[in-house]
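This report describes the architecture of one protein chain.

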Amino acid sequence: MATAVSNESFDQLQHQLKQLLGAFQSQHEEADRVAALKAAQNLVNALQKPQDSVYHLAYSPTHAMCVRIAIDMDIFTTLTERNRPVSLDELAAVRNASPILVERVLRILVGIGYVGEYDTRVYVANTMTRQLTDRLSISVIKFIFDVGMPTLAKVPEFLRRQDYRNPEGATTGPLQFAEKIDESLWTWLPKHPEYLDSCNTFMEGDRGARPSWLEWFPVDERLLCGAQNDAETLMVDVAGGRGHDLAAFMARYPHVRGRLVLEDLPHVLEESTVDAERIEKQPFDLFKPQPIHGARIYYMKFILHDWSDEENHIILTQLAGAMKQGYSKLIIEEFVLADRDGVMLPAMWDWEMMIFCNSMERSQSHWTRLLGAAGFQVIKFWAPPGDGQGIIEAELK
């Protein structure tokens, strides 16, 4: 059989994978796991014939489509709850669906490893089946598919009409083109409650299985050491959604003193269930002056990538006006794009940002320029383990 690479190249790929697997098995480090996964994917790519690779790519949207249908059909929930082999007819009966239609969905789910095949037209739950009963994973699929996919299909046409200029502006992007609207995602979503709920839950689960920054960033040394007395504000979670990140900080450091403040739009704060005795809720608009002055930590996770450079200049300038020179820290948790040898997750996320917000992920040099123009200096870029988002530690100049 003809192959895409030589036997020598196969040997090199196999040797590399074996070495990386050995490192991961002995150390269990996230960076080793991601490197081994990339090596395994390189080996799979080498085994794939180029023509077949094109066909697999072209037909791959059916994977996400069938997962989305299966969520609506309660296939993952039924298999998980019954915890035994379940026949096709049983699965179809849950939604009074046509067995032949359910079987067509299951062919894909079995093929991508999201459902186990116990016997002919008999299925069982596996690890991925159970994962798709998790509310965070469900919301990721729903939000990306329901809101993002219609826009994604229109991006090539949108860019043709833009003469392939990189687009910017919260109200002039692919989403507005596809939905025929003239408002930003953030004002459009509240008019669609089902989308808004998926979005807010998606924000809770957007870290996936990647380790929290609290596990690897030197919080004690860089942030808690030097924090002032109990009456001062310790941390402001700027546009922090339902408050899941601030709650995680409080759980990790239950004995630290100082105010913890969650800021976001009023309709988002209404959904927050964080400990109201410990975490204050502050209605807040990113484009208006920061109301909490002199805090030790201003934390922003996946906020600035929602906006263009021009819009971010306004956001950061408003924030800078509230920070205390030589004391306040700006902690930005975002992807920092590599200039070469980048991993796929941030690269894919970059396109999702165009789809939803007409914005982007940024490289180190881009972040440095953006922050510098707003009066900040980057103290350090902290690289995450594996392929997760990093931490940008910044202060006022």
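## Overall form

The model is predicted. The protein chain contains 20 helices and 12 strands. Its radius of gyration is 23 Å, close to the 21 Å given by the globule rule for 397 residues, so the chain is as compact as a globular protein of that length. Along the principal axes, the C-alpha atoms occupy a box of roughly 65 × 55 × 50 Å.

Of the 397 residues in the protein chain, 44% are buried. The chain exposes about 20,500 Å², and carbon and sulfur atoms supply 52% of that area. Among contacts between residues at least 6 apart in sequence, 65% join residues that are at least 24 apart.

Seven strands form an open sheet in the order 6-5-4-7-8-12-11, and their pairing is mixed. Strand 6 (279–283) and strand 11 (376–382) stand at the edges; each has a single partner strand, so one side of each is left without a neighbour in the sheet. On average, neighbouring strands of this sheet are turned by 20° against each other, direction ignored.

Helix 20 (residues 364–373) packs on the sheet, where it touches strand 8 (329–334), strand 11 and strand 12 (390–396). The direction of helix 20 makes about 155° with that of strand 11.

Strands of a sheet pair through backbone hydrogen bonds, in either a parallel or an antiparallel manner. Strand 4 (residues 233–237) and strand 7 (residues 297–301) run parallel and are joined by three bridges. Within this pair, Met235 stands opposite Ile297 in strand 7.

## The annotated domain

In an unreviewed entry, UniProt lists residues 63–131 as "domain: O-methyltransferase dimerisation". In the model, this span is 62% helix and 13% strand.

## A buried loop residue

Ser184 is located in the loop between helix 11 (174–179) and helix 12 (185–188).

Which residues are in contact with Ser184, leaving aside its neighbours within four places in sequence? They are Ala170, Thr171 and Gln176.

Technical notes:
Residues are numbered from 1 along each chain as its sequence is written. This is a predicted model: local features need pLDDT of at least 70, side-chain atom pairs count only at pLDDT 80 or more; totals for chains, interfaces and linings use all residues. Side-chain values use heavy atoms; hydrogens and water are left out. Two strands pair if DSSP finds at least two bridges between them. Helices (H or I, at least four residues) and strands (E, at least two) are DSSP runs, numbered from the N terminus. Axes are lines fitted to C-alpha atoms, for helices over the stretch in contact, and angles run from 0 to 180 degrees between N-to-C directions. Contact means heavy atoms within 4.5 Å. UniProt positions are given in the numbering used here, feature names are shortened, and annotations may be inferred rather than shown by experiment. The radius of gyration is taken over C-alpha atoms; the globule rule is 2.2 Å times the number of residues to the power 0.38. Buried means under 20% relative accessible area, exposed over 50%, partly exposed in between (1.4 Å probe, protein chains only). Accessible areas come from the Shrake-Rupley method with a 1.4 Å probe; for residues, only the protein chains shown count as cover.
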